[in-house]
Amino acid sequence: MSVIPHSTVDSARPYVVGLSRIAIGLLFSCHGAATLFDVLGGAKGGAPAAFAWPGWYAAVIQLVGGVLVLLGLGTRIAALICSGSMAYAYFSVHQEHALWPIQNGGDAAAMFCWSFLLIAATGPGAFALDALLARRPAAVTTASATA
């Protein structure tokens, strides 16, 4: 049995984190779109009225936060807000029915909560627009200074 060197695994980490961030953001934004716009199977129980607490706000966080995480824009803050939203959903909606997520239907909320917390802690990884935008002003400033 061969062992993969740590340097190989470490060099792949930003790409794995980036691809995971993209998948998680896409799935989360689909939940928001389904709830707000009655697409992709629609919302269970119907779409919430505009500005109705907490359903409409949760769906907006899911859609906007999911897209921001997907694109890698303001990733850490967006992921932290998404994580908090799912923690709130778990404890206010699911927890009252049973203790364990598998029993109370809150497994998606728990997984999203912990996944977004991990993204907030580790950063966006590769393929994030934040990194692209961070490089651009430095290049413009350097070009202006040499002119």
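A helix here is a DSSP run of H or I with at least four residues, numbered from the N terminus, and its expected span is 1.5 Å times one less than its number of residues. This is a predicted model, where local features need pLDDT of at least 70, side-chain atom pairs count only at pLDDT 80 or more, and totals for chains, interfaces and linings use all residues. Residues are numbered from 1 along each chain as its sequence is written, and side-chain values use heavy atoms, leaving out hydrogens and water.

**View 1. Helix H5 and what follows it.** H5 runs over residues 107-122, and its 16 residues reach 22 Å from the first C-alpha to the last, close to the expected 22 Å. Just after H5 comes Gly-123, with a positive phi of about 95°.

**View 2. The buried residues of H5.** Phe-112, Phe-116 and Ile-119 are among the residues of H5 that are buried (under 20% relative accessible area, with a 1.4 Å probe and protein chains only). The buried residues of H5 pack against H1 (6-37), H2, H3 (75-94) and H4 (101-104).

**View 3. Ala-79 and its contacts.** Contact means heavy atoms within 4.5 Å. Setting aside neighbours within four places in sequence, Ala-79 touches Val-69, Phe-116, Ile-119 and Ala-120.

**View 4. Leu-132 in helix H6.** Where does Leu-132 sit? Its place is in helix H6. Leu-132 counts as partly exposed because its relative accessibility is 48%, and partly exposed means between the 20% limit for buried and the 50% limit for exposed.

Technical notes: Helix = DSSP H or I, 4+ residues; strand = E, 2+ residues; numbered from the N terminus.
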